[in-house]
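The sequence and structure are shown first.

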Amino acid sequence: MSKPAGRSLHRQLLLWLLLPQIVLWGVAAFGAYRVASRHADELVDASLLQAARALARQIRPTASGLFVDLPRSAQDILSVNPADPDERVIYMVSSPPGQLLLGDARMPAPPGAPRLNEPVFFDATVPEPMRVVSLDLQLAAAGAPDSALRVQIARSSAPRELLARRMLLDTALPLSLLIALMSMGVWAGIRKGLKPLAELQQQMEGRRADALDPVQLQAAPPEVRALAGAVNELLGQVQHSLATQRRFISDAAHQLRTPLAGLKSQAELALEATSDPALRQRLERVRESAVRSARLVSQLLTLARAEPEAVAAQGWAAVDCGRLVREVAADGVPRALAAGCDLGVEVVHEGLSVQGVEVLLREALINLIDNAVRYAGTGATITVKLRRAGDDVWIDVEDNGPGLALDLRERAFERFVRGSAHGEGCGLGLAIVREIAERHGGSAELLPAAPKGCIARLTLPAA
Amino acid sequence: MNLLLAEDDALLADALQQQLLNASFKVEWAENGAVAEYLLKKQDFDIAILDLGLPMVDGLTVLKRVREAGRTLPILVLTALDALEHRVAGLQAGADDYLTKPFDFPELEARLHALLRRGRPASQAQQLRGLTLDRAARRASIAGEPVELSPREWTLLDLLLTERDRVVTKAQIAEAWGSDDGGSLEVYIHRLRKKLEGSGLAVRTVRGLGYLLEATSSP
């Protein structure tokens, strides 16, 4: 295809099926018209010649000249056709040819040099378009000199054209009807034939970038099935390589955990064994780094679990939000207390539930609470609030800590962006929360709290 | 306390052995599944820590075989695999608890003690800071001085002590009491707080959740 964006297959098929038909129709109509008018000409010419000969027979040479006996019957031939009052007939007899003997002087001379006994047919305007026959004869009779004679009869050509047109109409009209019917048939056929393609298009268009399930085409013709098969094979390969990659990440992350646990334990032991403050400080850094790495590994695994196929595999169910909030917050209380934070729960509306994967929602909430504990600081009050907002469920983790600058609020959801340079965070927490919220058709955002502090809000569609 | 540690990572095993030793456990180390299985079947351990990713025989198989051999000692599974299905598989194979690497040693220690306590139900006197709870005799004392507790107060304190440093919800308390008497709970908490004065322990209110027994800074 020469054009960068090809024309629609539908339109192309229509064009290439119908255009030749219309051209052929035109050629056929023209041909039919030609044949019809030739037949009409022949008919007219034959009758003209017959009339000319009949007229010529009435002319007899005599010793004193030519004698024309134009009886009633002959006049009838030349008279107006009663069936067609518009038809006009004129005649001329001249002898020697060109010199009027009888008839209408307006009759034009035949083109060229006519030969004896050979009729010449031609069109002329006298003053209307007419078909003319001109017949040159040599009359010979005993006792009379030979005399050259020309008999010409002209008949208006309008009826001839009328006849041809009627013949044309008789052939072209059914042909046109046929073309129209055929076009409709072709149109319907193309539509029906291209339907599997349209289905394929629909399936591909409505697809999310991460939807890798095979294309479903029932009873598709072999050509389309082959296309769908190729697409499916490709999707399968992509899915397979994605799965391999994820499994690799998961395996690697798991493998990292044991040495990190060893590193952490060894650092803790060394911390216990020494009282040298400088050494202790360094060991504390080693321990912290091991903890942070371990956390990063865990978060990476959680992120992998929040991938669409993983979510689909984990089972979707109704999750009781009140229970979830209470359980996760209760688990978080010891960590909050250790950090000097007062963690509490406020369930504004009871009986709220959402559709989702409980493990993931739990993980999201744990991340929000840990975030608040980490950034709100010692002495902060953190409250997990559950309430209904229209068709949504809001899970707010509100703290009265220093809060977060506006420009950091959105950036905080990006991967590996951390709110502060210290601490054990790895910068994946909020990215995970957002990922999980979006998998559940919800959202996650950070809002300022009054008079100070931060609200991390998880919005989920209520079940 | 005899403990079997089945862990193939030498670095971690070495550190854990030392930490467990410091926490007064007698540790035997098995560095692969076959040795772990042999030792668990042949020797009497009070408790075992089992890694799932062991060489030769994997941890889950060791666990199943040991249980099939009729050993009932508490076994804590320690693993790098944290997905729910692994957890479920571990517990179904006969694990008593499940901890994911990396872990905080105090948590591991607390869980080991909890498992050991579960093995000797209610027979043991429990002590924390100045408080001693003799479950067999249903007697409580603070710094040696006996404390009078009503049955409900006893149940409440027992629950808080068992779950210490963890939140005990109002629903848990109601269940332990066998009644849904939410209105008077605060009265009992108030009384308990008074009685615990000077024990080095305090009942903290966790907003919207329940209560938690914690050690105060001054014992």
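## Backbone features and chain interface

In this predicted model, Pro102(B) is located in the loop that connects strand E5 (97-100) with helix H5 (105-119) of chain B. The peptide bond between Lys101(B) and Pro102(B) is cis, with omega of about -10°. Chain A also has a cis peptide bond, between Ala450(A) and Pro451(A), where omega is about -5°. Pro451(A) belongs to the loop between E13 and E14 of chain A.

Most peptide bonds are trans, and most residues other than glycine have a negative phi. Chain B contains a residue other than glycine with a positive phi, Met56(B), whose value is near 70°. Met56(B) sits in the loop between strand E3 (47-51) and helix H3 (59-68) of chain B.

| Residue or bond | Angle | Value |
|---|---|---|
| Lys101(B)–Pro102(B) | omega | about -10° |
| Ala450(A)–Pro451(A) | omega | about -5° |
| Met56(B) | phi | near 70° |

Strand E13 (residues 443-448) and strand E14 (residues 454-461) of chain A run antiparallel and are joined by six bridges. Within this pairing, Leu447(A) has Ile455(A) in E14(A) as its bridge partner.

Elsewhere in chain A, Leu15(A), Trp16(A), Leu19(A), Val23(A) and Val27(A) make a nonpolar surface patch of about 500 Å². Of these residues, Val23(A) is part of helix H1 (residues 9-57) of chain A.

How many residues of chain A are in contact with chain B? The contact involves 30 residues of chain A and 29 residues of chain B. The size of an interface is often given as the accessible area lost when the parts come together. Between chain A and chain B the buried area is about 2,400 Å², and carbon and sulfur atoms give 59% of it. Arg257(A), Thr258(A) and Leu269(A) supply 21% of the area that chain A buries against chain B, more than any other three residues.

Polar interactions also cross the interface: 13 residue pairs are in polar contact, both residues at pLDDT 80 or more. Two salt bridges are counted between the chains. One of them links the side chains of Asp342(A) and Arg207(B), at 3.5 Å from N to O. On the side of chain A that touches chain B, two or more residues each come from helix H4 (222-273), helix H5 (277-305), helix H7 (321-338), strand E9 (342-347) and strand E11 (381-389) of chain A. H4(A) gives the most to this side, with 13 residues.

Terms used:
Residues are numbered from 1 along each chain as its sequence is written. Chains are lettered from A and ligands numbered from 1 in the order in which they are written. Side-chain values use heavy atoms; hydrogens and water are left out. Patches are made of residues with over 30% relative accessible area and no salt bridge: like charges are joined within 9 Å, nonpolar side chains (Val, Leu, Ile, Met, Phe, Trp, Tyr) within 5 Å. Accessible areas come from the Shrake-Rupley method with a 1.4 Å probe; for residues, only the protein chains shown count as cover. A salt bridge is a side-chain nitrogen of Lys or Arg within 4 Å of a carboxyl oxygen of Asp or Glu. Helices (H or I, at least four residues) and strands (E, at least two) are DSSP runs, numbered from the N terminus. Two strands pair if DSSP finds at least two bridges between them. Contact means heavy atoms within 4.5 Å. Buried area is the accessible area (1.4 Å probe) that two parts lose on being put together, summed over both. A polar contact is a pair of N or O atoms within 3.5 Å; within protein, one must be able to donate a hydrogen and the other to accept it, and residues adjacent in sequence count only if both atoms are side-chain atoms.
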